[in-house]
Amino acid sequence: MAGRAYVETVGQHEGEQATIKGWLYNKTDKGKLQFLLVRDGTGIIQAVAFRDDMPAEAFKAAQQATQESSIIMTGIVRADKRAPGGYELALTSLEIVQLADPYPITPKDHGVGFLMDHRHLWLRSARQHAILKVRAEVIRACRDYLDDNGFVLVDTPILTPAACEGTSTLFETDYFGESAYLAQSGQLYSEASIASLGKVYCFGPTFRAEKSKTRRHLLEFWMVEPEMAYADLDDCIELAEGFVAYIVQTVLDRQKAQLEVLERDTTLLEKVTPPFPRLSYDEAVAMLREQGHDMEWGDDFGAPEETALAQKSDKPVLIHRFPTQSKAFYMEPDPERPELSLSVDCLAPEGYGEIIGGGQRIADYDLLLTRVKEHKLPEEAFRWYLDLRRYGSTPHSGFGLGIERTVAWICGLEHIRETISFPRMLHRLYP
Ligand code: 4AD
Ligand code: MG
C-alpha cells in the first residue's frame, strides 16, 4: 500500500510508492506518454503516465483529465534533476475525483477585470499561491515578534460606536436602530488594555470607506497594532524598526522559494536591517522642495512625495513629527513645538509608500477633551476613552502596520489587490 505524500516532502519517499491528492495544473499529451503537472497545495510535481506501466482504465483517466480536475494518483517517486522540485512520479494508478468543466483561466493572458471576477479560481495559480504563502508568513512573523517580546494579544471590537481615524471614511451600519461603525483601527481599545497588561497588540480586519481608487487602498484590510504603556515616540520608532526588519528577514529565511516564483529581487530586501534612516517632517518638506515638489508646510505627502522620500535609501524611512493639523485627534503634541505631533510614519522603499502609522498618544484629560471637541467628535461616544486619562494615565505610544501594503512591498507587486484572498475595493464586492 502506498502512503499519502505531499509534494513538498515527496523526496522522503524516493524509490517508494506514494499517493498524491491534488489538481491537474497542466498536461502534455505525447500519445503513450502523458506528462501531468499536479499541484496539491504544497507544491507542483510532474507525474508521468506511461501506457504500458498502468492499468488501461487508469491510463484512460490520465488522458481524459482536464485542467483543474481533482485527481488521486499513485506512483514511484524518482529523483530527476530536470523535474520541477527535483522529483517526479512514475504513475501506477490514477483516479479522477471530479472531471473539471473547461476551465476559464487558461495559460494565456487574461485581463485583470476577468481575473478579479474569477478570483475564487485565480487563487490557484502559482503566483497567487506564492503571494498567499508570503502573506501567511508575514502574519506569523508579526505574531511571533510581538508574542516573544512581551506583548499580549487582545482582540478589539469590529462594531464600534465612534470613529478612530476620522469621520470621512466610516462604514456605517444599523445596530438595532442605533448607528454602529465598522472599526477603522483597534487602537483606542488597545489603549484601554495597556493599563491591564502593559504591552498589548490587536490584530484584525479594519474598514475604511475610501472613495479613491489607488494601487495602495483597500476598503477592508488587516492591521496589526502594538500599544505600550510608559512609552514615548522614540520607543515607538524603535519598535517599528525592529518589527519591520524581523518580518522581512523571516520571509527571506522561510519563503525563498515563493519569492523566486514571484521573481522578487531579494538583494533589496536583504538590506532591510536596523537602523532605518529618520527624517523629521520639516526636513522631509525641505528635501522635497529642493527636489522641485510643489509643497506647503502642513501638506500631506501624496504617493509621489512618499516615493521620493523613500528613495533616500534602500531601507524603509521613518518620518516623524508631522503637523498636528494633518493627523488624528489623539496625537500628543511635541512639548517644544505644539504645532507638531509626536507621530511617525514608516515608508517602504521602492515606491510602496506608508506601511506604518503611529506615535505617542495624548495622556492629559483636558487636552484630549479639547481635541475631541475641536474635531467635532461625539463626546458621549468617547466618554470611556477619556476615562483612561482619569484613572492612572501614562505616556503611551503604538502604531499600526498594514499587512497588505507590507505584503505588496515584500512580494514586489504592482497593486495591493493581489495581497489578500478576496479584496474589497471601490465597486468590487464579488466574489
Ligand atoms: O496610518 P493609519 O491610518 O493609522 C492608524 O489607523 C492608527 N490608529 C494605527 C495605530 O497607531 N494603532 O493606518 C495604519 C496603516 C497604514 O500605514 C497602512 O499600512 C494601512 O494601515 N492602511 C491601509 N492599507 C490598505 N488600505 C487602506 N485603505 C489603508 N489605510 C491604512
Ligand atoms: Mg497613516
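In the predicted model, an oxygen atom of ligand 1 lies 2.9 Å from a polar backbone atom of Ile-355. The backbone of Ile-356 also takes part, with a polar atom 3.3 Å from an oxygen atom of the ligand. On the side-chain level, Glu-165 places a polar atom 2.6 Å from a nitrogen atom of ligand 1. Taken on its own, ligand 1 has 630 Å² of accessible area, and the protein covers 94% of this area.

The surroundings of the ligand can be described residue by residue and by element. Ligand 1 is surrounded by 24 residues. The closest of these are Glu-165, Gln-187, Arg-208, Glu-225 and Glu-354. Sorted by class, the shell consists of eight nonpolar, eight polar and eight charged residues. Three strands, β12 (220–229), β16 (353–361) and β17 (396–402), each contribute at least two residues to this shell. The largest contribution comes from β16, which supplies six residues. The space that ligand 1 takes up is the largest pocket.

The protein chain as a whole was described next. The chain has 431 residues, of which 52% count as buried. Its secondary structure comprises 13 helices and 17 strands. The C-alpha trace extends over about 85 × 55 × 40 Å along its principal axes.

Two cis peptide bonds are described here, beginning with the bond from Pro-274 to Pro-275, for which omega is near 0°. Pro-275 belongs to the loop that connects α8 (266–270) with β13 (278–280). The other cis peptide bond joins Tyr-430 and Pro-431, and its omega is about -5°. Pro-431 is placed in the segment after α13 (403–411).

Backbone phi angles were considered for two further residues. Tyr-230 is not a glycine, yet its phi is positive, at about 50°. This residue sits in the loop between β12 and α6 (233–254). Tyr-230 counts as exposed because its relative accessibility is 68%, over the 50% cut-off. Arg-321, also not a glycine, has a positive phi of about 60°. The loop that holds Arg-321 runs between β14 (317–320) and β15 (343–348). With a relative accessibility of 24%, Arg-321 counts as partly exposed, since this class lies between the cut-offs of 20% and 50%.

Thr-160 is part of strand β8, which covers residues 159–160. The relative accessible area of Thr-160 is 6%, so the residue is buried. A polar atom of the Thr-160 side chain is 3.3 Å from the backbone oxygen of Ala-162.

Ala-381 is located in the loop between α11 and α12 (383–387). Its relative accessibility is 17%, and Ala-381 therefore counts as buried, as the value is under 20%. In sequence, Ala-381 and Ala-163 are 218 residues apart. In space, their C-alpha atoms are 9.2 Å apart.

Glu-374 lies in helix α11, which is made up of residues 365–374. At a relative accessibility of 48%, Glu-374 counts as partly exposed; the value does not pass the cut-off for exposed residues, which must be over 50%. The side chain of Glu-374 forms a polar contact of 3.1 Å with the side chain of Arg-371. Glu-374 and Asp-345 are 29 residues apart along the chain, and their C-alpha atoms are separated by 24 Å.

In summary, the predicted model places ligand 1 in a shell of 24 residues. Strand β16 gives the most to that shell, and the protein covers 94% of the accessible area of the ligand.

Notes. Residues are numbered from 1 along each chain as its sequence is written. Chains are lettered from A and ligands numbered from 1 in the order in which they are written. This is a predicted model: local features need pLDDT of at least 70, side-chain atom pairs count only at pLDDT 80 or more; totals for chains, interfaces and linings use all residues. Side-chain values use heavy atoms; hydrogens and water are left out. A residue is near a molecule or strand if one of its heavy atoms lies within 4 Å of it. A polar contact is a pair of N or O atoms within 3.5 Å; within protein, one must be able to donate a hydrogen and the other to accept it, and residues adjacent in sequence count only if both atoms are side-chain atoms. Accessible areas come from the Shrake-Rupley method with a 1.4 Å probe; for residues, only the protein chains shown count as cover. On a 1 Å grid over the protein atoms alone, a cavity is a set of points where a 1.4 Å probe fits but cannot get out, and a pocket is an open set with protein on both sides within 12 Å along at least five of seven lines; lining residues have an atom within 4 Å of a point. A molecule sits in a cavity or pocket if more than half of its atoms lie within 2 Å of its grid points. Helices (H or I, at least four residues) and strands (E, at least two) are DSSP runs, numbered from the N terminus. Ala, Val, Leu, Ile, Met, Phe, Trp, Tyr, Cys and Pro count as nonpolar, Asp, Glu, Lys and Arg as charged, and the others, Gly among them, as polar. Buried means under 20% relative accessible area, exposed over 50%, partly exposed in between (1.4 Å probe, protein chains only).
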